[in-house]
Amino acid sequence: MARVHDEVGRDPSPRVLVDRLWPRGLSRADAPFEAWTREVAPGSDLRKWYGHAPDRFEEFERRHRHEPTTSPSGEALDTLQARAGAKPPVLLTATKDLAHSQARILGEAMAGG
């Protein structure tokens with residue numbers, strides 16, 4: 001997991017943007033990732049409710065983990081996991097607080113947590 005605006009290191013892992021919205025200040029031509037899988041991001045209502053408020057993170061995580069079982073994002077998560085294969089992708093987000101991000105939740109879900 002990393003911020004989309006961070007410098008790309010030497011890690012050869014595929015890089016996938018997992019935000020619902022395109023990151024501000026980033027042109028599509030300069031995108032430092034191979035794929036944009038926005039379908040795995042929280043739905044608009046949940047994303048707006050959360051608003052990156054750390055005190056809401058626990059409830060946000062519970063709701064976001066439940067979302068893929070009840071929406072098309074479950075298929076997108078399965079596709080992302082299948083594409084990852086043996087080398088898991090670096091999940092990218094524009095969020096500044098990685099510890100309270102949906103990318104962290106997705107990374108844990110993909111790791112079986």
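Which backbone oxygen does the side chain of arginine 3 reach? In this predicted model, the side chain gets to the backbone oxygen of alanine 94, at 3.2 Å.

Let's stay with arginine 3 for a moment. Arginine 3 sits in strand β1, which covers residues 2-3. Arginine 3 is buried, yet has no salt bridge. The nearest side chain of opposite charge belongs to aspartate 6, 4.2 Å away, and a salt bridge would need the atoms within 4 Å. Leaving out residues up to four places away in sequence, arginine 3 touches Leu92, Thr93, Ala94, Thr95, Lys96 and Leu98.

Now for the sheet around that strand. Strand β1 pairs with β4 (residues 90-93) in the parallel sense, over 2 bridges, and alanine 2 has leucine 92 as its bridge partner in β4. The open sheet has 4 strands in the order β1-β4-β2-β3, with parallel pairing. Its edge strands are β1 and β3 (35-36), each pairing on one side only.

On to the rings: the structure holds 5 aromatic pairs. Here are two of them.

| Pair | Centre to centre | Angle between planes | Type |
|---|---|---|---|
| Tyrosine 50 and phenylalanine 60 | 4.0 Å | 10° | stacked |
| Phenylalanine 57 and phenylalanine 60 | 6.2 Å | 45° | tilted |

Tyrosine 50 is in helix α1 (residues 44-50) and phenylalanine 60 in helix α2 (residues 57-70), so their pair ties together parts 10 residues apart in sequence. Phenylalanine 57 and phenylalanine 60 are both in helix α2, 3 residues apart, or about one turn of the helix.

How accessible are these rings? Tyrosine 50 is buried at 3% relative accessible area, phenylalanine 60 is buried at 2%, and phenylalanine 57 is buried at 6%. Ring pairs also link Trp22, Phe33 and Trp36 into a cluster.

Notes: Residues are numbered from 1 along each chain as its sequence is written. This is a predicted model: local features need pLDDT of at least 70, side-chain atom pairs count only at pLDDT 80 or more; totals for chains, interfaces and linings use all residues. Side-chain values use heavy atoms; hydrogens and water are left out. Buried means under 20% relative accessible area, exposed over 50%, partly exposed in between (1.4 Å probe, protein chains only). Lys and Arg count as positive and Asp and Glu as negative; His and the chain ends are not counted. A polar contact is a pair of N or O atoms within 3.5 Å; within protein, one must be able to donate a hydrogen and the other to accept it, and residues adjacent in sequence count only if both atoms are side-chain atoms. Contact means heavy atoms within 4.5 Å. Two strands pair if DSSP finds at least two bridges between them. Rings of Phe, Tyr and Trp (its six-membered ring) pair if their centres lie within 6.5 Å; planes under 30 degrees apart count as stacked, over 60 as edge-to-face and the rest as tilted.
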